Amino acid sequence: MAAAESDREVPSALCTEFLNFSVKDTASKWLQVTDLYKEVYHHLARYVPKIYCLGPNLNPQSEDLLAQMLLQSPLEWYLCGEDPSTGLAKLEQNNQPSQLCGHVFKVGEPTYSCRECAADPTCVLCMQCFLGSVHKEHRYRMTTSGGGGFCDCGDTEAWKKGPYCQKHEPNISDSCQEDPLAHLSTDMIARCYNVFSVVLKYAVDMLTWDKEDELPLGLEPPDRSDTYYCMLFNDEVHTYEQVIYTLQKAVNCTQKEAVSFATTVDRDGRKSVRFGDFAFCELAKSVIVRNTSRQSKPLRVQVMHSSVVAHQCFALKALHWLGHVIGYSDALRRILCQVGLERGPEGENSSLVDTLMLCDSKMWKGARNVYHQLFMSSLLMDLKYKKLFAIQFAKNYRRLQTDFMEDDHERVVSVTSLSVQLFTVPTMARMLITEENLMTTIIRTFVDHLRHRDLQGRFQFERYTAQQAFKFRRVQSLIGDLKYVLISRPTEWSDQLREKFLEGLDTFLELLKCMQGMDPVVRQVGQHIEMEPEWEAAFTLQMKLTHIISMIQEWCATDERVLIEAYKKCLTALTHCHSGFADGEQPITLSMCGHSVDTIRYCVSQEKVSIHLPVSRLLAGLHVLLSKMEVAYRFPEQLPLSELSPPMLIEHPLRCLVLCAQVHAGMWRRNGFSLVNQIYYYHNVKCRVEMFDKDLIMLQAGASMMDPNHFLMIVLSRFELYHIFSSADCRKRYNRENANKDVVQQNNTLTEEMLHLIMMVVGERFEAGIGQVEGCDEIKREILHQLCIRPMAHSELVKALPENENKETGMERVIDCVASFKKPGVTGRGLYELRPECAKQFNLYFHHYSRADQSKAEEAQRKLKRQNGEDTALPPPVLPPFCPLFASLVNILQCDVLLGMLGAVLQWAVEPSAGHWSESMLQRVLHLIGMALLEEQQQLENSSEDNDVYFNFTLKMSRPGEAPSNTASVLALLENLQNAPHLEVHEGMIRWLLKTVAGIKTMRERSASASTVTASESRGQEETACDKDKAERKRKAEMARLRREKVMAQMSEMQRHFINENKELFQQSLEELDASTSTSLEHSPASSDAALACVGPRRSRPGEKRQVVTCILCQEEQEIRADGKAMVLAAFVQRSTVMSKNRTRPPHDPKHYDPLFMHPDLSFGTHTGSCGHIMHSHCWQRYFEAVQAKEQRRQQRLRVHTSYDVGNGEFLCPLCECLSNTVIPLLPRTMGSSSCEQPGLGQWLKISGQQIKAMHSAHRKLQPVSTVEETVEEECPAPEVFTVDYIPTNPYSSTIKEMLATFGTATYKVGLKVHPNEQDPRIPIMCWSSCAYTIQSIERLLVDEKKPLFGSLPCRQDDCLSSLARFGSACWTAACQPTVQGHFIRLLAALIPDPQVEASPCILDVDMLHLLVSVVLSYGSVHSQDSSGLSVDAVQLHLFHLITVAHMVQILLTSGPEEVTMEQESGEAERGEEEGACRLYNTLRTHVGSSLPEVASGWHLWRCVKTGILPYLRGAALFFHHLHGVPAPPELHALCPGQWEVLCGYLSLPSNLLQLFHGQQELLEPLLHGWCTHPGIQQTLQGGGVLVSFPRESNSLIDLPDDYSALINQASSFTCPKSGGDKSRAPTLCLVCGSMLCSQSYCCQTELEGEDVGACTAHTFACGAGVGIFLRVRESQVLFLAGKTKGCFYAPPYLDDYGETDQGLRRGNPLHLCHERYRKIQKLWRQHNITEEIGHAQEANQTLVGIDWQHL
Ligand SMILES: [Zn+2]
Ligand SMILES: [Zn+2]
Ligand SMILES: [Zn+2]
Ligand SMILES: [Zn+2]
Ligand SMILES: [Zn+2]
Ligand SMILES: [Zn+2]
Ligand SMILES: [Zn+2]
């Protein structure tokens, strides 16, 4: 192998050549020659292989530099005819910049569109243009680009309004028509033309070159070397893993190199994986091919000669160069376009542009991208050539698409994806349709690629293989192109456009004919079908075509002639289809109620039926247009109306609807899920517009042309219900019929469905053309009915609407008429609520309701009415009148057959018999009667004076049946039913019907004499007067009922299970909980005869109180006693960096890290939290073992993960399911000893000095001799009262001892990330440290939340702190005593210098609260050996005072420089403090010297001390409070002034803290000296370490911008840090530190503890000690991570104007930061609740558990 790239040098031969090379000479020579082409090729042949591809790796920088000098410069010189730096500048001056922005989008860049002004959804703006446009004030939509495509700013066809941004606004003085070439000299044009021709030809030659070992004529290198590349190409078949694995084997590289190769192959489309002689490369190739050919086709690998690769590299460079050069001038751009499109010697389609396009699928990804970009910046930027290019594109369309089908690359890298840039321009699309017959071409190409047909020529899709599915997806992109072409309707039609459109329509009908009747089904009886038939492909096709079909109708609606022709063509097609259906049906005659009709015998339940009827449905759509455009009335002679056979029109749609009814009735159960799914999609919002809706319209169209009795009889017959309703004694059904139960049930459901269908046929009038409505009425009604179900969010409403222009803007126009908006809170989303006045438009039988929707809506509406004290009947709404073409439909309501059916059902209801009748049937009949009555009432009200209302339902309904049966009239039956006890539910409705009947009768009577108008008015008044009284009574009754219900609800609430109740209690957030249950006694301020103090000999002693708690598992009560059964709190210990002031500190080495002293930067801490639930230790142990066993069984069986890791000691609290990983034992509080005379500070210092000496010597004895250092010091006699070898009796019971060990080990294990080791001396340290850290974190939280220090914590945290503190003071009993004593000695040595302790830290490197907690808690081990009567309290106070002084010193040493302007007058009281502060500071300066700046202001110093020390004092108060259980003074339970004094008093401190020092100056002065002379001080002060100043500010999550698009923009320019300038696919922002990461990607995976992890997981370990909070920018989603296996997604803090988040950025509404929600996330973080949140999320949603979080 050749040398690595770094030590490669430019070969000397080239050096000399390079030195001798003159750009100018070369260019001048070229200017002389006649055949420039030959000359340049010669030049390239000589130089290119010397510059490029000389080693295994390409070295772009040096190569590009050489290429610029040797290759590009002469070209530029030639082009300009002078020094390019002057020549190009001249060109630039004359440049007329394009008015098109044309900015090409990078992957992930934000794009904007305007919902109001964009001509179609593909029109987008770049961020810069958007911000300078009018649309930023409109309803815009924001998305992230998938790469490719460009900004449409300046394209007047793309925008209905505001096509230019400020920057691209054209200068009016410029004449746009002017030829850009006018500014150039002919010479210049000629040179430019020459050079572009040669360069483009060269690039095309090389990029389309497919020989591996030779070069095109004229480019053969003068001297050929034997160097080859083994080139690996990208495909979409093999996965990353496969490629990486194969490469490691084939070219013997490391995993890392393989990943890098694979990444490059994926990005650029190819990468050389080996360099060397031919055989060497060939070997690698064969290994790769062999290894990948087993399952699929092998990876593509070529062994290519280095000179070929070199020329290809330069060819890409040349294209870049062209793009760069034309940027200088619009004239150059035009010349390049001309060169590119100039027809070559081979005739048509032989231009260089054609050649590139036609070779597209053969090129590698990188090459395609480069030339596509050049096309975009040249051909697509020049309006003249854009057209010419579009024509070439259309001419080649079929071939390009066919190539694309064979190509396995994604569409974005195919030239076919340029269609969106060409076809969406309306004028261009129309030009291509008329001149290139594009519409027909696209459809033909599409049909050609769908080859699967059945015998009748219909499509028949087989079961998908992956390969077929892949192909099918590709084919669908053609539909996308068709959509682009049709997206904007023509405003003007030329004859040619009509002709070509209709030709296209013909082709389209051919396509639809192949779909009409496809995938037919036959009802399965007896056995279940063996195999679910394939149905998805057909539905995918239908779904994709839905838009096209709608658009074709829209086109037809813009021109009468086109509509008429289209209608004719469609009818012909349908007739053709019908002749193809060889049903062989027998003719039969039906008769009923004195009417008869001829039809055929056909049973849906026995014969083939298909759900796919696109031809019928298109005809239905066109039929409505005939009505809407009034063509049907104006040109009836031109329409083939006479050819229509209404029974034929309705036949197939009716069958389809009957099929749905039968499926509902359960008759098709044996046909399996495929049919259920089809029925589902048939009604679904994605398909229904061109399926269900149109079938209904077709029935309406057919019925409007038929005798209604005939129509109904055919319907009855197809529903297979004819025999029931036609029999003479059908009303006595119950006597006669004795069929089996299933059949009866089926017939009942079918009857219900049929009645519903009749309602829809008569009642669905909200489509313009059917009823007399406006366009927006339809959508208004749709929204209204959605909101009748329940209040909905904007996105839910949008989802419920079909995808058409209504969705974008139509909804916005009408929503406020029907709904009012309710804003969201901190959770949830904004909701639209139905306006109460709109409820009367509610139609229970709305055709788009599913059965579930219907019953939900019914319930909701009845409840609403009840609440308003109204009658709960839901009568039908008043409907708009039909258009004339459909007007006759109302007659269905009063026809004899319908009345017969209504009568029958009512009769059944009067005398119900088991099973043969249903209430829903009755409900529907009542609804139908209501519709009929309203129809009559409407007609009466609207009729003119002469009063010719022919619709007379009231008359017909009062007519009894004819002899001989003499059945009762419908009206009589209704009156009969009114009081039927079994029909109470329908009473209201029947009453309403009868009242309406009465009203109509009055109207008719009055209209006979007086005017109709007054009649209806007075009737109205009458009604309201008498109704008022009734309504009032009702309202009161209703109120009483509601009260009763509420009480009942409360009672049942109380009876709820204990656990549930507690669960909810727990789930309430922090602030809602009041402190006080188990520990309440300790909080209540004691009778304050003396001031309360929590530390020192004077500390208050709370009365002896038994502390009794209840075990949540066995419910037994237990007293907390040292010798009793252990009680434990479920707890969760976690590492934390929440308070870190130094995120750059590398994580500690767990094995050797000494955690004794916490650094004040708090970079890593251990936090302990608890849900506060208490158990017996043995109950807990039994529970945990059970969980463990269950988990083992589950893992064996299912291999599923859980939200907790049992192996790591994790479990869920048995009560609240809170994630826990250990338990803390509850201990009784320590009782102070009696306070006799205690030593002062001086005396104590002496005593402790002696004790320590004694311990030193005792410990030395314990050590094996060999390790003891030689020591000359004599044996120190221990004070008599101090017995070093005295072993105190352990006061704790065995179970408590066991739990002490359990919690200690857990804290040690988690805090240090090590394996448990009960003997490790660091265990107690970790426990003390966790206690201190948790106190600090809680203290910060209280400050941040502005809460008082005491009384505001939920009891779970109080319990947790108490048990932590008491545990800390007891944990030495579980450890080796000398070890703990050793810790104490070392801790104390940081304050009181001890020559025997080495490497004590300097006080600037010690966090004082940690020191305080550790030293106090470790003292127990020393005190246990003291029998002198020395009180623990006294020692604690001395220690506390010492540390407080040390902290003051620490603060003064780190206090920032004085703020100059802040000189303040202070009161007499503060003088003392200020003076003291100054004195202490000056003392420090004498010790430390000039490192400490001079500060004159005592006020400043005292303020520094006071604010700096406050968090420490508050922490200390929390600590001693929980350790000793001394109640806090009431002042600390509130946020009132004077806290300082009270706090100091509680801590037994003087409020002038400096007295601590000055009062004992002689004793403390030497200590001070010792601290200040520590070498660490100077080093830190002079900038040698991290200088933390006090008070430490609380950490916050990073600031986020208000506008989300700013984040998208920021992320779009973020490149992957590992793969050289590549765009990151999932840029993810750490909300803790603000780092942007390249997540979920191979390139940025790293190894962590032996496993591959993604960038986020890796980052959490450094930044958050395993816990992370991220924002996935492209998805607008917050990500919580904990450890490697836990994670969840969380709602982002960004909301749109509708109060909704947009996870996944699918809707694209503008998003703005919601501060409350962000604060909520921040609070979760500060409370250390992220892991718990993840646990709850994973418990609630099991799919989260399966996600591979560690790779994010
Ligand atoms: Zn732009
Ligand atoms: Zn612009
Ligand atoms: Zn706009
Ligand atoms: Zn228990
Ligand atoms: Zn719990
Ligand atoms: Zn971070
Ligand atoms: Zn990356």
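The site of the zinc ion (ligand 4) is tetrahedral, with angles of 96 to 118° among its four donor atoms. This geometry, like everything described here, comes from a predicted model. The protein donors are the SG atoms of Cys1111, Cys1114 and Cys1179 together with ND1 of His1176, and they lie 2.1 to 2.4 Å from the zinc ion (ligand 4). Along the chain, these donors follow the spacing C-x2-C-x61-H-x2-C. Cys1111 is found in the loop between strand E10 (1108-1110) and strand E11 (1117-1119), whereas His1176 belongs to strand E13 (residues 1165-1176), so this pair ties together parts that are 65 residues apart in sequence. Cys1111 has a relative accessible area of 0% and is therefore buried. His1176 is likewise buried, with a relative accessible area of 0%.

Cys129, in helix H6 (residues 127-131), and Cys151, in the loop between strand E2 (140-146) and helix H7 (186-207), are 22 residues apart, and the pair links distant parts of the chain. Both of these residues, Cys129 and Cys151, are buried.

In general, strands of a sheet pair through backbone hydrogen bonds, in either a parallel or an antiparallel manner. In one open sheet of this model, three strands stand in the order E4-E3-E5, with antiparallel pairing. Strand E4 (270-276) and strand E5 (301-305) are at the edges and have a single partner strand each, which means that one side of each is left without a neighbour in the sheet. Direction ignored, neighbouring strands of this sheet are turned by 30° against each other on average. Strand E3 (residues 228-233) pairs with E5 in the antiparallel sense over five bridges. Within this pairing, Met231 has Gln302 in E5 as its bridge partner. Helix H10 (residues 278-292) packs on the sheet and touches E3, E4 and E5, while its direction makes about 135° with that of E4.

Another strand pair illustrates how side chains are arranged. Strand E12 (residues 1127-1136) and E16 pair in the antiparallel sense over four bridges, and Ala1131 stands opposite Thr1222 in E16. In a regular strand, the side chains alternate between the two faces of the sheet. In strand E16 (residues 1222-1225), Thr1222 and Ile1224 are on one side and Val1223 and Pro1225 on the other; all are buried, and both faces of the strand are covered.

After H47 comes Lys1313, with a positive phi near 55°.

These examples belong to a chain whose secondary structure comes to 63 helices and 25 strands. Of its 1752 residues, 56% count as buried. Among the contacts in the chain with a separation of 6 or more, 77% are accounted for by residues 24 or more positions apart.

How values were computed. Residues numbered from 1 in each chain as written. Chains lettered and ligands numbered in written order. Predicted model: local features only at pLDDT ≥ 70, side-chain atom pairs only at ≥ 80, totals over all residues. Heavy atoms only, no water. Helix = DSSP H or I, 4+ residues; strand = E, 2+ residues; numbered from the N terminus. Buried < 20%, exposed > 50% of the residue type's maximum accessible area, 1.4 Å probe, protein only. Pairing = 2+ DSSP bridges. Axes fitted to C-alpha atoms, helices over the stretch in contact; angles between N-to-C directions. Contact = heavy atoms within 4.5 Å. Donors = N, O, S within 2.8 Å, 3.2 Å for Na, K, Ca; no water. Tetrahedral: all angles 85-135°; square planar, octahedral: opposite > 155°, others 65-115°.
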